[in-house]
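Here is a set of questions and answers on one structure. Keep the coordinates open while you read.

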Amino acid sequence: MHSCHTRREWLAKTAAAVSGGYRASASKLLAAKAPATSVAVARCKDYGPELLPTLGRMFDQIGGLGRLVKGKTVAIKINLTGAPTYRVGYLRLEDTHYTHPRVIAATVHLMSQAGARRIRLLESPWSTADPVEEYMLQANWEPRDILSAGANVEFENTNYLGKAKKYSRLVVPYGGLMFPAFDLNHSYEDCDVFVSIAKMKEHATAGVTLSMKNCFGITPATIYGTGAGIDEPSILPKGGRTTVHAGNRQPSKSAPPEIDSKSPRQDTYRVPRTIVDLVSARPIHLAIVDGIKTMTGGEGPWIREKLTGVNPGILVAGTNCVNTDAVAMGLMGFDPMADRGTPPFERCDSTLRLAEDVGLGTRDLKRIEVIGTPIKDAMFDFAAIRRERRAAAIARI
Amino acid sequence: MTAEWTPMRWPAAWKSLSSFDLVRGTAVNCLILDKGGDLAAVAARAAEAGFEVIDPGSQPPGIKTVKGLWPGIRLSRSGSNDVTAGPTGEPWVDSNGWRVRLAQALNPSVNIWVDAMPQNARLSPEAYVIAIADSAAPGGRWIISLDDKLAAGLLDHEPQAVETWRRLNAAARFFGSRKGWADYVPEAVLGVVSDFATLQSEEVLNLVARSNQQFRIILKTAAGNSAFEGLRALIYPDVEPPSPATRERILVFVRQGGLLIAGPTWGDAPGSTAASADHPRYALRTLGKGTLAIAKENLNDPYLLANDAVMLMSHRYELLRLWNSGAVSTYYSAAPSQDRGLVQIIFFARSGASSAAVRIVGPFRKAHLLTIDRNDPSAVPFELQKGAIEVHLPAVSQYAAIELAI
């Protein structure tokens, strides 16, 4: 059931599809054969006592955690996007746009019980090299609750070099859509299992932000950020990832540059492709989407749309990130087969389609087995809310 | 001479006796003007009306005047309205609050006035409210100094100028009527121990204040054991080592669980290498229940020092935690009986803040809001947390005060 390939497997399978006109037909071939795995869906109304057994049941439904993590070092990318001092109204960050700490703690606990040797919680917090724990404290979280949820649990800020002496270069197996490889914090290489715990949200640039988009944040701002060094990575991270968003400059010269510096400079083109490159270079073994409480209107409080805290009461988990995100999109009322021009991809390319095209996984719900609560029974209609919100905005004009 | 005085520098453009009518009945009750010469009649009329009249350049008894900067978000020197970024990319804010507090510490029995002249040809009402609140929140007074266009506009009864004047006076009156707050004592988690004889040590105060840590100014000469009460950490920014007695008191503080951040000239660092000794800029040593963080190089970057202090101490212990506030200055104080608290927040953005929230550590279970527009305390939503209260502010302009009770 574990279908996200290792980088070595990817290299072997896709080496022929790297260059020239052969790439298009190879992509179609890869898309047709893109893996389809089971995805678990569950209703969970809040972050109370029902959370832990629900998550445990879901992990069992997709093959069990023991098979995945026993004796392994697990790296978990959580989603703490934006500054911790910035909320949607008075709502807590974890109830709108941050992965909820109890989802993180429950996952850590279950992985520890399943025999994980070491669990490392990773995030690249906004514009800082401060410890992730300090970032959480500013969000009014208690990081000790997470650290004590399992054995050998630790945090690392991956927005800079961190505890290593050098960055790890992770290669995109098929050559890359935007970047051939990335220089990342060592934590993304020094792990046996990589997990993405995302929040279920719309996204201004990428349409949706789910397990794949969460990995946009694995890029260190010291190399890919506004204040990145020109020749070498800066010591400290500064600003957001404008290098990738806008393409107004290349990463630090020490890291691989873009494949084609003349490619479109639009973020709606660049971000989805970069995400696909990232999750190919750093494959996701377990994708978890926290849709218990979240927000509509965008990915964070800085988005200039009508933002609303909502309580869909949904959890999604799968071993294939594309399959998992496709199911999550279905639960949001969106069609995962949608392309550019269709909600939620009105103005951007579909990360899911691009990922499917390189063979990461299918987005076709007809090919994905949903275990647990059927999509129609758990759906929270972000799409309808989006339509109403945008119609109201047009009416105001 | 007490903090009851609301001083104002007489505008140069106000030559006629009738211009005195512009200040009559306002919050202003102390005029700084040349008693002789052209303004003699104004001075006489003011004195007759009960105003205190002070010659420019003179230092009245009971008052200490400190030179300040025009407070607010610093705009670009290019003359455009571009905001100048601070080292973190956050807008750089000039504030005189720390100057007031330092002057109070150095001159405990006098009142502090801040002399900061307007920098722009025409300032907004919000800019004046900030100037008033920035000095008054920590207990000082800004010497009201009008920009030329405002002064001229008031003479002409120009509506915009009249509105600015009204709001400026409302702010001055607000603080003038809060005499009970003068007894409140600053709450603090971090102490700065120094003789404050150098610009470096003063700048440490400025930047600690900018980090919104609640701090206590501790003069070396007054660094008795009680001076450290309730603190989590001390910064000793001076190059000159402390006297043996002060040093021993600081080490007692550390042994009892405190943190000392000092430069390499501090001298011998007792204790043993800390388990978490891996810090790029500090050698960390455990002493008793506490920690010594001795900088590997001289503490010549106050910005770095202030931020290192926050991290070495940890956000865990911060007394105030803010959301959606934008650039602010904060002052947290409590009644000596500790049954009432006061958190004052100055919002430097011209638009103020909406949906701002503040978490306040303390025993308080009731909160009321005061703003300059709404003089009487009003109910404000809050959420009780373990050892803290989180207050949800409505849309506020440049200043909010939260009165707390147990």
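The questions below concern a predicted model.

Q: How many aromatic pairs does the structure hold over all chains?
A: Rings pair if their centres lie within 6.5 Å. Over all chains, the number of aromatic pairs is 19.

Q: Are the rings of B:Phe20 and B:Phe51 stacked or edge-to-face?
A: The ring centres are 5.2 Å apart and the planes stand at 70°. Planes over 60 degrees apart count as edge-to-face. The pair B:Phe20 and B:Phe51 is therefore edge-to-face.

Q: How many residues apart in sequence are the parts that B:Phe20 and B:Phe51 tie together?
A: B:Phe20 lies in the loop between β1 (7-9) and β2 (30-32) of chain B. B:Phe51 lies in the loop between α1 (40-48) and β3 (52-54) of chain B. B:Phe20 is buried, and so is B:Phe51. The pair ties together parts whose separation in sequence is 31 residues.

Q: Which helix of chain B holds B:Tyr128, the partner of B:Trp70 in a pair that links distant parts of the chain?
A: B:Trp70 and B:Tyr128 form an edge-to-face pair, 5.8 Å centre to centre with 85° between the planes. Both B:Trp70 and B:Tyr128 are buried. B:Trp70 is in the loop between β4 (63-67) and β5 (72-73) of chain B, 58 residues from B:Tyr128. The helix that holds B:Tyr128 is α3 (residues 125-136) of chain B.

Q: Over which ring does the charged end of B:Arg178 sit?
A: Ring pairs link B:Phe174, B:Phe175, B:Trp181 and B:Tyr399 into a cluster. The charged end of B:Arg178 is 4.2 Å from the centre of one ring. That ring belongs to B:Phe174.

Q: Which residue of chain B has A:Arg87 over the face of its ring?
A: Here the two partners come from chain A and chain B. A:Arg87 is 3.7 Å from the ring centre. The ring is that of B:Trp323.

Q: What is the volume of the largest cavity?
A: The count comes to three cavities of 30 Å³ or more. For the largest cavity, the volume is about 100 Å³.

Q: Which elements give two or more residues to the lining of the largest cavity?
A: The lining has 13 residues, and among the closest to the centre are B:Ala209, B:Phe215 and B:Tyr331. By class, four are nonpolar, seven polar and two charged. The elements that give two or more residues are α2 (97-106), α6 (199-210) and β18 (328-334) of chain B.

Q: Which element gives the most to the lining of the second largest pocket?
A: This pocket has a volume of about 1100 Å³. Its lining has 40 residues, with B:Gln104, B:Pro138, B:Ala182, B:Tyr184 and B:Pro186 closest to the centre. By class, the lining has 23 nonpolar, ten polar and seven charged residues. The element that gives the most, with five residues, is β11(B).

Q: How many disulfides are there over all chains?
A: A disulfide needs cysteine sulfur atoms within 2.5 Å. For A:Cys348, the nearest cysteine sulfur, that of A:Cys321, is 17 Å away. A:Cys348 is buried, with a relative accessible area of 2%. Over all chains, the count of disulfides is zero.

Q: Where is A:Pro344, the residue that a cis peptide bond joins to A:Pro343?
A: Omega of the bond between A:Pro343 and A:Pro344 is about 0°. A:Pro344 is found in the loop between α11 (321-331) and α12 (351-357) of chain A.

Q: Is B:Asn212 buried or exposed?
A: B:Asn212 is in the loop between α6 and β11 of chain B. Phi of B:Asn212 is near 65°, a positive value in a residue other than glycine. Its relative accessibility is 15%, so B:Asn212 counts as buried.

Q: What is the relative accessible area of B:Gln338?
A: B:Gln338 is found in the loop between β18 and β19 of chain B. Phi of B:Gln338 is also positive, near 65°. B:Gln338 is partly exposed, with a relative accessible area of 39%.

Definitions and conventions. Residues are numbered from 1 along each chain as its sequence is written. Chains are lettered from A and ligands numbered from 1 in the order in which they are written. This is a predicted model: local features need pLDDT of at least 70, side-chain atom pairs count only at pLDDT 80 or more; totals for chains, interfaces and linings use all residues. Side-chain values use heavy atoms; hydrogens and water are left out. Rings of Phe, Tyr and Trp (its six-membered ring) pair if their centres lie within 6.5 Å; planes under 30 degrees apart count as stacked, over 60 as edge-to-face and the rest as tilted. Helices (H or I, at least four residues) and strands (E, at least two) are DSSP runs, numbered from the N terminus. Buried means under 20% relative accessible area, exposed over 50%, partly exposed in between (1.4 Å probe, protein chains only). A charge sits over a ring if NZ of Lys or CZ of Arg is within 6 Å of the ring centre and within 35 degrees of the ring normal. On a 1 Å grid over the protein atoms alone, a cavity is a set of points where a 1.4 Å probe fits but cannot get out, and a pocket is an open set with protein on both sides within 12 Å along at least five of seven lines; lining residues have an atom within 4 Å of a point. Grid points are joined across faces, edges and corners, and a volume is the space filled by probe spheres set on the points. Ala, Val, Leu, Ile, Met, Phe, Trp, Tyr, Cys and Pro count as nonpolar, Asp, Glu, Lys and Arg as charged, and the others, Gly among them, as polar.
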